[in-house]
Amino acid sequence: MSVLNDAQQKAVAELLRVSPVADELGRRFADAGHELHLVGGSVRDALLGTLGDDLDFCTDARPEQTLAAVSGWADAIWETGREFGTIGIQKNGLRIEITTYRAEAYDGVTRNPVVSYGTSLADDLSRRDFTINAMAVSVPGHEFTDPFGGLRDLAARVIRTPAAPSISFGDDPLRMLRAARFAAKLRFTVDESVISAMRDMASDLDRITAERIRDEFTKLMSGADPLAGLRLLVDTGLADRFLPEISGLKLEIDEHAQHKDVYEHTLIVVSNAMRLEGDEGPDFALRMAALMHDIGKPATKAVGRDGRVSFHHHEVVGARLTKQRMKAMKYPKDVTSEVVGLVALHLRFYGYGRGEWTDSAVRRYVTDAGPLLARLHKLTRSDVTTRNRRKAAQLAADYDALEDRIDRIAAEEDLAKVRPDLDGNAIMELLGVPPGPIVGAAWRHLKELRLDRGPLDRDEAEAELLKWAREQGHIA
C-alpha cells in the first residue's frame, strides 16, 4: 500500500464527491475492527473521471458483520446477493455493494464460481479479471493498492490479466468475452498475450451459460465502440461459439461479381446506426438489428449467368435465423421481436422505387413497422454504405421523400391508428351474424381496403362490406 501520489490525488478529487458517505461508511467498519476498500470498477472509473452513483467495496467483514455495521445508518438494505458475500445498501442517493473478500474456486465443469471467503485484500485483488479492475482505495484512509500495475495499464489503455491469461480464463472463461466488452466500452487495446489465450481457449466458452454470455454481449453491443469488441470476438473465434452467423458474413469475394464484403459492410452499418441514435444513448435493438440484418445472405447467395451476385429474400431468411439465435441466447421475447421485425423489414424501402410509391404502399410500410418505424428509418438509412456518392445521395433523397410522404399522410389520416372504418359491432349488426370467424374475416377485408384506399366514409364502408359478404356467400 502507498499514499496517493499527485496524479492519483486528482482521481481522489472525483472520489471526494462521494467521500462524505464513503468515509463515514469506512469509519463505521473501522470502529467495528474491519477494513473497507473502494475497489474494482469504481476505482477504475474514478481514475478515468467517470465515477457514477454505483459504488463497489470489499471488506474482511462477513455478510452478517456488514449488516451490523450498516444497520440503522443505510437508507435501505437488500440481501439478494448475501449467498455470494454481497450486501447492498442505499445512502444519500448512492447505490453501494459491499462484498466480503473472496477466494473463488470453480467447479471445473460448468466454470460457474463457487464462492469461498478470502482473508486479505491481496487475495481478493488477485482473483479479479483484469489489472485495471484490480486496484483499491481504502476508506477513510485513502491508501491506494495496485499490486498488478493497473494504474500503468490504465494510462497505457491496455487490458491485461493479473495472472497469466490462461490461468485467469481457466478460472472463468467468461472473462474472455469481458475482455472484448471492455475493449468496446473503454476503447482500450487488448494485450497480445490475452488475445492469444482467447484464441487458444475459445472453446472453453461453451461451458458458460447462455444467460451470462447474453449479458456480456449486450454490454459489449451497448459500448462506445462495439466494432472493436466484435472484431475481437470474430478474430479470436469466440463469436463462433455463440454467434457464428457473424463470422459467416465473411463471404468469399467473387472477383468477377465484385460484390461487397458483407462482414465489413455490416460493421459499417452498425457504426452508421450508432451515429443516428441521437441523445437517447445506446439503442441495443437498433444496433443488434444492424448487426444481424444481412445474416441471411450466405444462405441465399447466388451468382447469375451474367456474373452478378444476388441474395434474394435474404431478409426473410435473416429474420428467421435472428429469431433462432436470439432465442438460443435467451433474449426476452419483446427484445427478440423488435430485432427480428427490423431485420425482416430492412429491405422494404427498396421495393418502392423512386417516385413510384403509392399512398397504399406508404400506409402498409407504416402499419407493418408499427412502433418500430423510427428505428426502421435509422436502420434503412444506415444500410447505405456505397462509395458511389451520387448513388448514396440519391438513396438519401429518396428516403427523405418517403419520410415526407409518411408525415403528410399521417397528418391527414392518423396512420398510427389504421383500423377498419367499421368495428366488430357494426359488422355484426349490418350482416346479422354473431361473433365468430365471419366477423374476423370481414374486419380484415375492411382493413385491407383502408390500407389500399385510405379512410372511407360510413356509406362507402357499408357498401364495400355488403359487396364482400355477398361475394363470400355470407348473405344473399
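Contact here means heavy atoms within 4.5 Å. This is a predicted model, in which local features need pLDDT of at least 70 and side-chain atom pairs count only at pLDDT 80 or more, while totals for chains, interfaces and linings use all residues. Residues are numbered from 1 along each chain as its sequence is written, and side-chain values use heavy atoms, with hydrogens and water left out.

Start with Glu 79, in the loop between strand 4 (76-78) and strand 5 (86-91). Helices (H or I, at least four residues) and strands (E, at least two) are DSSP runs, numbered from the N terminus. Glu 79 is in contact with Leu 67 and Ile 87, leaving aside its neighbours within four places in sequence. With a relative accessible area of 40%, Glu 79 is partly exposed; buried means under 20%, exposed over 50%, and partly exposed in between (1.4 Å probe, protein chains only).

Next, consider two helices. Two packed helices are described by the angle between their axes and the distance between the axes. For helix 8 and helix 10 (residues 210-221), the angle is about 15 degrees and the axes are 8 Å apart. Axes are lines fitted to C-alpha atoms, for helices over the stretch in contact, and angles run from 0 to 180 degrees between N-to-C directions.

Last come the cores. A nonpolar core is a set of buried Ala, Val, Leu, Ile, Met, Phe, Trp, Tyr and Cys residues joined through side-chain atoms within 4.5 Å. The largest has 108 residues, of which Leu 25, Phe 57, Phe 217 and Leu 291 touch the most other members. Helix 8 (residues 174-186) supplies the largest share of this core, 9 residues. A second, separate core of 13 residues includes Leu 431 and Trp 468.
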